[in-house]
Amino acid sequence: PTPTTTAESPSQTGLDASFMRALPQDTLLAVFGLLSYDDTVRFGSTCRELRHLVGTVRVRHVRLHRRHADWSDQRVLGLLRALRELERVSISSALSFHSFAQLASLPRASRLLSLSLASPHLVDSHLNGWARAFTSLEELRLPGCGLTAACVPQLTAFERLSSLDVAENTRLDTRGICALLLGLRTVRTIDISRLRVEPKLFSSPVAPS
């Protein structure tokens, strides 16, 4: 006999948006808390109500690393835009992320406290306007990027920055480092390790007190 097939209803194949909207808000938020960043954002794209709830999930620190290596720029930006309490963002060199300039237009840009980006694709021009956008930024980590002395005006324009990491920016020369050290007003800690810096930068005699 010829086997017959029957179409499965949505309730048999999985949960649809209407079912999720019927759940109490506290239950939905508990469910969101168990999901990955990516799944939470995908969940929120099903309808306006769920998108609003996703925005209330209290995620303050997003770390994107090797496990997210296949994420597109659109996927990364979609996640960052959806989180309403975002304070810290870290994107490793494992991702082929290139949309650095668009980070300044994130809804939470002015509330970010820490930003860490490790990518040789990040260059001086990407920093344009960052100081105006990231007005609360206290920590900026840009190790292993493609920065040169031309980035100094952008880096010295931050008003609340207390920690800066520009380690392994091999195109940042002695002239740029000197200008950076002289121009930073609020920074207390700076990482300039593994740079092509002339030894004389650190050999200046200390004036007696």
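Colleague: Let's start with E168: is it buried, exposed or partly exposed?
Modeller: This is a predicted model, by the way. E168 has a relative accessible area of 38%. Buried needs under 20% and exposed needs over 50%, so E168 comes out as partly exposed.

Colleague: Which residue's side chain makes a polar contact with the side chain of E168?
Modeller: Leaving aside residues up to four places away in sequence, E168 touches G144, C145, S193, R194 and L195. One of these also makes a polar contact with E168, side chain to side chain, at 3.4 Å. That residue is R194.

Colleague: And how many Å apart in space are E168 and R196?
Modeller: Along the sequence, 28 residues separate E168 and R196. In space, C-alpha to C-alpha, the distance is 8.6 Å.

Colleague: Which kind of aromatic pair do F97 and F100 make?
Modeller: The structure holds 2 aromatic pairs. In this one, the ring centres of F97 and F100 are 5.3 Å apart and the planes are at 85°. Planes over 60 degrees apart count that way, so the F97 and F100 pair is edge-to-face.

Colleague: What about W130 and F134: what is the angle between their planes?
Modeller: W130 and F134 also form an edge-to-face pair, 5.5 Å centre to centre. W130 is buried at 0% relative accessibility, and F134 is buried at 1%. The angle between their planes is 80°.

Conventions:
Residues are numbered from 1 along each chain as its sequence is written. This is a predicted model: local features need pLDDT of at least 70, side-chain atom pairs count only at pLDDT 80 or more; totals for chains, interfaces and linings use all residues. Side-chain values use heavy atoms; hydrogens and water are left out. Rings of Phe, Tyr and Trp (its six-membered ring) pair if their centres lie within 6.5 Å; planes under 30 degrees apart count as stacked, over 60 as edge-to-face and the rest as tilted. Buried means under 20% relative accessible area, exposed over 50%, partly exposed in between (1.4 Å probe, protein chains only). Contact means heavy atoms within 4.5 Å. A polar contact is a pair of N or O atoms within 3.5 Å; within protein, one must be able to donate a hydrogen and the other to accept it, and residues adjacent in sequence count only if both atoms are side-chain atoms.
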